[in-house]
Amino acid sequence: MSKKKWKVEKLRYSKHLLKIANTILLNRFDNLLFYIDEYFKTKEIEPLHDVRIALRRVRYNMELFLVCYEKKLFMRLYYKIEKLQDLSGSVRDLDVFLENINLLKKDNVEVSDTLEYKIKEKRHNLQEEFENELKKFVKSRTLKSFFKIIS
């Protein structure tokens, strides 16, 4: 028997569940937009991490409440969140890689300048892509439409 990853058995739509879902998702999206705004003020690692956490919370809460919403709009928004989460994770992975390189260098391990340069270049490009996708997301009709439903 195959199950969808976000399918919760015996969870059925009800007006009460919809009210709970709207409250939770509105809170999660408000937090996400707050952290996105904070990130763009500095573009530093810690605010990026906060955006990643907020994306994860939005996505996983969305998975719980799929049953409450029109599937097409909901999934369009879900896939945008998933893409942002993947991009932010890729940027974070390279941050961790660079931190580990710096630790190795402190231990007098020789690290190729070319390698370090390529990692920084890749991180920069991914960060730019992530930021462009964030900007599109914040202004997207999909997000605005969903906010109308949950507000």
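Aspartate 95 lies in helix H3; helices here are DSSP runs (H or I) of at least four residues, numbered from the N terminus. The model is predicted, with local features needing pLDDT of at least 70 and side-chain atom pairs counting only at pLDDT 80 or more, while totals for chains, interfaces and linings use all residues. Residues are numbered from 1 along each chain as its sequence is written, and side-chain values use heavy atoms, leaving out hydrogens and water.

Aspartate 95 is buried, because its relative accessibility is 5% (buried means under 20% relative accessible area, exposed over 50%, partly exposed in between, with a 1.4 Å probe and protein chains only). The side chain of aspartate 95 makes a polar contact of 2.3 Å with that of arginine 123. Such a contact is a pair of N or O atoms within 3.5 Å; within protein, one must be able to donate a hydrogen and the other to accept it, and residues adjacent in sequence count only if both atoms are side-chain atoms.

## Isoleucine 119 in helix H4

Helix H4 covers residues 113–139 and contains isoleucine 119. With 6% relative accessibility, isoleucine 119 is also buried.

## Lysine 72

Lysine 72 is a residue of helix H3. Its relative accessible area is 60%, so lysine 72 counts as exposed.

Technical notes: Helices (H or I, at least four residues) and strands (E, at least two) are DSSP runs, numbered from the N terminus.
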